[in-house]
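Please read the points below with the structure open.

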Amino acid sequence: MNEPRPASNVPEFSVAELSGALKRTVEETFAHVRVRGEISGFKRHSSGHLYFALKDAEAVLDAVCWRGQAAKLGINPEDGMEVIATGRLTTYPGRSKYQMVVERMELAGQGALLKLLEDRRRKLAAEGLFDQGRKRPIPFLPEIIGIVTSPTGAVIRDILHRLADRFPRRVLLWPVAVQGDGAAQQVARAIAGFNTLPANGVPRPDVLIVARGGGSVEDLWAFNEEVVVRAAAASAIPLISAVGHETDTTLIDFASDLRAPTPTAAAEMAVPVRAELVATVADCAARLVGSTARGLEDRRNRVQHLARALPNPRRVLDDAGLKLDDRAERLKLALPNLLHRRHADLDRSAAQLRHPRELLAAKTHQLDSLSTRLTHAIKSALQAEKSRQEKHSLRLEQTGQRLAPAVTRLLAEQARRLDASAKLLESYSYKNVLDRGFAVIRDDAGKLVSAADAQAGAAWSIEFKDGTTDVVVGANAPPASPRPKKGKDDIRQGSLL
């Protein structure tokens, strides 16, 4: 066992040397790779670095994106998002791990974009940013129109050309990038900037148009970013979204106050046609003049018709004068006629009146008659009352004669019953038992005792036929003098004891 082992021709490496060789090999071999996978375990560190893993059905690859590259990604990574990451592989010798350093990232296919778009739409809708109650009406004829779009594209020229054709208005352009990195932030800042213009500086627009030409989902993605949607929903100025063609739909369309299918249509929605307005005003003016003329003519005809129905004023005055003369003549005769009628009425009333002496004599006769009738009535009432009292006295006397024997018999019966009760009570008295030689023994409290109560020194009293004697149990005492017999009341009390 102590024999030396044969020497080997395999070179020996230290751990650091082997780790460094592996790092160089991996970094040289995989200096530029594109990896497709699903983001898992996403974490944004306070330093700004992004840490996550790319996975598929069979493997997992750790990945990191440094802070400088994270700001240029163009998308916000989330768990479950399928992406294509571009970067390089490297190792970390301290933990024997390898990972991918991500430099660029893009969504993997249109399906992933649409899924992300739908999830974001549900989230913002749940917050109420798309509610119809938040939307404001577009001004009919705005003085100033604010446009957020690219200054070099065909969109701004189409909008300006359409506004010049319909109704020239003052236009304020806020130039922004409409796709690529930072486009969403520029659009959001432009919307917020128009809303915060000072009152004494650049005039504030009455309506905003956010416009962009058509393109793919990726090209229009800046208008699906959350920052743009929130800026559109928070805008105090009515906003028209005109992003893409008629078939293109972005999230800003849901948050805006009005959606236009194209930028040109947005210009048409922002202002009316000036020629049409002039024609409409001219037509309204003509209709107003015509209606005023017809109204005046109608009123003139009505006045004429009413004038024909009115009588001749001179004839009305003549008729009124005749009626006044007639009333004056009748008024002169009215007062004498009235006095004559009142005299006649007074004579008829006087003929119906009787002389006071006749009335006094009639009343005197009536009073004498009533007095005589009253005297006879009083005498008759007194006679009837006297007769009734006599009958009542006779009835009382007869009743007293019948009541006296009954009372005597009742008293005798009650006395007999009382004697019988006394005899019965006497027969129940214990005195009769004493007459036969028995005695009643009581303690000093007057309670009947028994043999079990006999204790030495107890004071008892013994009642015999002829009296009561006090004794002490277990002691020789001289005989006591007899007590007098108890009366009937005492006998009753003893029997109760």
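1. Cys65 is buried, because its relative accessibility is 0% and the cut-off for buried is under 20%. This and every other value here comes from a predicted model.

2. Cys284 has a relative accessible area of 40%, so it counts as partly exposed, a class that lies between under 20% and over 50%. With cysteine sulfur atoms required to be within 2.5 Å of each other, the count of disulfides is zero.

3. Helix 4, residues 154–166, packs against helix 8, residues 263–270. The angle is about 30 degrees, and the axes lie 8 Å apart. The crossing of helix 4 past helix 8 is right-handed.

4. Which residues make this contact? Helix 4 contributes Val155, Asp158, Ile159, Arg162, Leu163 and Arg166, while helix 8 contributes Pro263, Thr264, Ala267 and Glu268. Sorted by class, the contact of helix 4 with helix 8 holds five nonpolar residues, four charged ones and one polar one.

5. Three strands form an open sheet in the order 11-12-13, and the pairing is antiparallel. Strand 11 (440–443) and strand 13 (468–472) are the edges, each pairing on one side only. On average, and ignoring direction, neighbouring strands of this sheet are turned by 25 degrees against each other.

6. How many bridges join strand 12 to strand 13? There are five, and strand 12 covers residues 459–463. At Ala459, the bridge partner in strand 13 is Val472. In general, strands of a sheet pair through backbone hydrogen bonds, either parallel or antiparallel; strands 12 and 13 run antiparallel.

Terms used: Residues numbered from 1 in each chain as written. Predicted model: local features only at pLDDT ≥ 70, side-chain atom pairs only at ≥ 80, totals over all residues. Heavy atoms only, no water. Axes fitted to C-alpha atoms, helices over the stretch in contact; angles between N-to-C directions. Helix = DSSP H or I, 4+ residues; strand = E, 2+ residues; numbered from the N terminus. Left-handed = near helix turned anticlockwise from the far one by under 90°. Contact = heavy atoms within 4.5 Å. Nonpolar A, V, L, I, M, F, W, Y, C, P; charged D, E, K, R; others polar. Buried < 20%, exposed > 50% of the residue type's maximum accessible area, 1.4 Å probe, protein only. Pairing = 2+ DSSP bridges.
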